[in-house]
Amino acid sequence: MRMPALFVAISVCLVLGCGKKEWPKPIAQEEQVFVDGLEAQRMGDCLLVAVKVGGNLANVEFFRLELENDGCPTCPFQPTLVRQISPFDSGLRRQENSYLLHLCGLALGAQVRLRVGVDNTFATLPPALSTVISVGP
């Protein structure tokens, strides 16, 4: 008599998924980063970019600098150069929640538009994007 009851219990467990485990998912409100401000300045062929980041700064994986050289100022932003920068690169300096990027040798045009993306260590969370700003000569 015990065999049919055990068979039913195992069958129910297989159908309902008893003990089913899932990978943990990050809680977006606690793990997200966002761009709170962006400023840029040209210094010859170099670009000095200040990015203010908010949220969980421990989750900053890398920065993505997107540049558009001599583009149409009223057209949609279409980057012509994308550079990925690690938080530990030599051209990057951190001051509390602000990051200063000093990049040279970019072959900048007369008018440059740029945007900075901040990628999260959690790949399931979307990257934080800044607004697009223009930097003149």
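Begin with the whole chain in view: of the contacts (heavy atoms within 4.5 Å) with a separation of 6 or more, 62% are between residues 24 or more positions apart. This is a predicted model, in which local features need pLDDT of at least 70 and side-chain atom pairs count only at pLDDT 80 or more, while totals for chains, interfaces and linings use all residues. Residues are numbered from 1 along each chain as its sequence is written, and side-chain values use heavy atoms, with hydrogens and water left out.

Colour next by secondary structure, where helices (H or I, at least four residues) and strands (E, at least two) are DSSP runs numbered from the N terminus. The chain has two helices and nine strands, and their order from the N terminus is α-α-β-β-β-β-β-β-β-β-β. Of the 137 residues, 33% count as buried, where buried means under 20% relative accessible area, exposed over 50%, and partly exposed in between, with a 1.4 Å probe and protein chains only.

Now select Val-51, Val-53, Phe-63 and Leu-114, the residues with the most contacts inside the largest nonpolar core, which has 26 residues; such a core is a set of buried Ala, Val, Leu, Ile, Met, Phe, Trp, Tyr and Cys residues joined through side-chain atoms within 4.5 Å. Two or more residues of this core come from each of strands E1 (33–43), E2 (46–55), E3 (60–69), E6 (98–104), E7 (112–120) and E9 (133–135). Staying on Leu-114 and leaving aside its neighbours within four places in sequence, you will find it in contact with residues including Leu-38, Leu-65, Glu-66, Phe-77 and Val-135.

From there, display the charged side chains: the whole structure contains four salt bridges, each being a side-chain nitrogen of Lys or Arg within 4 Å of a carboxyl oxygen of Asp or Glu. In one of them, Asp-119 pairs with Arg-64, the closest N and O atoms being 2.8 Å apart; this pair links strand E7, which holds Asp-119, to strand E3, which holds Arg-64, across 55 residues. Both partners are buried, Asp-119 with a relative accessible area of 16% and Arg-64 with 18%.

Select Glu-66 and Arg-115 next, whose salt bridge has its closest N and O atoms 2.7 Å apart, and which connects Glu-66 in strand E3 with Arg-115 in strand E7, 49 residues apart. Glu-66 counts as buried at 7% relative accessibility, and a network of salt bridges links Arg-64, Glu-66, Arg-115 and Asp-119.

A further pair to select is Arg-113 and Glu-68, with closest N and O atoms 2.6 Å apart in their salt bridge; because Arg-113 lies in strand E7 and Glu-68 in strand E3, the pair ties together parts that are 45 residues apart in sequence. Arg-113 is buried at 8% relative accessibility, as is Glu-68 at 6%.

Gln-78 is found in the loop between E3 and strand E4 (81–85), and is exposed, with a relative accessible area of 54%.

Glu-31 is buried yet has no salt bridge, the nearest side chain of opposite charge being that of Arg-94, 13 Å away.

Finish at Glu-96, in the loop between strand E5 (92–95) and E6, where phi is near 55 degrees, a positive value in a residue other than glycine. Glu-96 counts as exposed, at 70% relative accessibility.

Notes:
Lys, Arg positive; Asp, Glu negative; His and termini not counted.
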